[in-house]
Amino acid sequence: MPPSDTESYLLDYHRRLAGVTARWFAKTPVIRGDSRFASTYELLAAEVPQDARPRTVLDLACGDGYLLELLARRAPQAPRLVGLDMSEDELAQAHVRLKGAATLIRGVAQSLPFEDASVDVVLSHLALMLMDDCEKVLSEIRRVLTPAGKLSCVVGGGFVPSGTLAVFRALMKSAIEAQPRPLLSLGDTRFRSTEGLRALFDLAFEHVEVFDLEVQECGQPEQVWASLSSTYDADQLPPDAREDVRRAFLAAVEPMKDSTGNITCLWSMRQVTASTPRRRGVSGQA
């Protein structure tokens with residue numbers, strides 16, 4: 001089956017910008033309630049217990065393999081690691097990064113090439129909310145997870161209502177409205193709210209929890225712009241429109257600089273954790 005419009009765009013995006021997600025978020029701190037993690041990747045890695053029990057961990061839409069690398073560093077007690085991504089360009093970088101520490105497979109989440117009940121933990125970083133037919137994706141994740149297996153993912157959480165991201169959002173809204181055709185809308189709208197996430201994940205899992213995350217990016221205005229310009233909506237703008245947004249953004253955030261010349265960019269994200277029911281029927285349904 002040929003790729004959908006969404007998949008074609010994402011394949012092209014990751015061909016041009018392979019490794020971009022780790023580049024911007026691998027060193028960006030995140031707060032979840034009273035807990036602070038070095039990054040959203042570290043937050044997900046913490047969901048895998050550090051004990052001697054043998055486990056298989058699947059990183060779904062693994063990108064350039066940064067999360068898998070964090071888990072591989074646990075040797076000699078590292079779990080069996082598997083990464084799946086539809087982008088050969090991202091997987092090429094993952095092969096270089098991991099040097100054989102994980103099994104890397106090109107494929108799609110709607111048809112996982114794994115046996116039933118063969119994976120103990122599924123992790124996914126900023127990917128599930130972009131996928132076509134998310135109910136099929138979640139059904140496939142449940143199929144491959146062991147009874148009482150665990151899913152944990154980080155998904156986008158929208159924009160915070162103030163600060164530099166609010167400036168960016170307002171400028172982008174005007175730029176998008178000025179385009180002759182609508183931009184491609186990615187993913188299922190249920191991923192955009194806590195209520196939607198609970199309703200969606202409750203279809204296939206139990207013990208569903210949704211956590212609000214605050215991701216704290218800080219840097220020079222041009223550095224922050226480089227991160228913002230790689231968001232999917234900004235990437236879809238024509239170059240001249242994107243340059244207009246850049247100039248307006250840099251001018252607008254000038255008064256927001258601190259004494260070192262940096263600005264802070266607070267991303268709103270969410271983490272969803274869930275488990276498969278311990279008892280299954282013949283069809284894999286509880």
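**View 1. Strand β3 and its burial.** Strand β3 (residues 56-60) is largely enclosed by the rest of the structure, because five of its five residues are buried, where buried means under 20% relative accessible area, exposed over 50% and partly exposed in between, with a 1.4 Å probe and protein chains only. Strands are DSSP runs (E, at least two residues), as helices are (H or I, at least four residues), numbered from the N terminus. The model is predicted, and local features need pLDDT of at least 70, side-chain atom pairs count only at pLDDT 80 or more, and totals for chains, interfaces and linings use all residues. Residues are numbered from 1 along each chain as its sequence is written, and side-chain values use heavy atoms, with hydrogens and water left out. Thr56, Leu58 and Leu60 point one way from β3, whereas Val57 and Asp59 point the other way, and all are buried.

**View 2. Parallel partners of β3.** Two strands pair if DSSP finds at least two bridges between them. β3 is joined by five bridges to strand β4 (residues 80-85), and the two run parallel; within this pairing, Leu84 of β4 is the bridge partner of Leu60. Between β3 and β4 the chain passes through helix α4 (residues 66-72) in a right-handed β-α-β crossover, that is, with the strands pointing away from the viewer, the path from the first strand over the helix to the second runs clockwise. β3 also pairs in the parallel sense with strand β6 (residues 119-125), over three bridges, and here Leu123 of β6 is the bridge partner of Asp59.

**View 3. From β4 to β5.** Four bridges link β4 to strand β5 (residues 103-106) in the parallel sense, with Gly83 standing opposite Leu104 in β5. The chain reaches β5 from β4 by way of helix α5 (residues 88-98), and this β-α-β crossover is right-handed.

**View 4. Leu60 in the largest nonpolar core.** A nonpolar core is a set of buried Ala, Val, Leu, Ile, Met, Phe, Trp, Tyr and Cys residues joined through side-chain atoms within 4.5 Å. Leu60 is among the members of the 89-residue largest core that touch the most other members, together with Leu128, Ile141, Phe201, Phe205 and Phe249. Leaving aside neighbours within four places in sequence, Leu60 is in contact with residues including Leu84, Ala109, Leu123, Leu128 and Ile141, contact meaning heavy atoms within 4.5 Å.

**View 5. Cysteines without disulfides.** The whole structure has zero disulfides, a disulfide being a pair of cysteine sulfur atoms within 2.5 Å. Cys62 counts as buried because its relative accessibility is 7%. Cys218 counts as partly exposed, at 44% relative accessibility, and its sulfur is 9.8 Å from the closest cysteine sulfur, in Cys265, which is too far for a bond.
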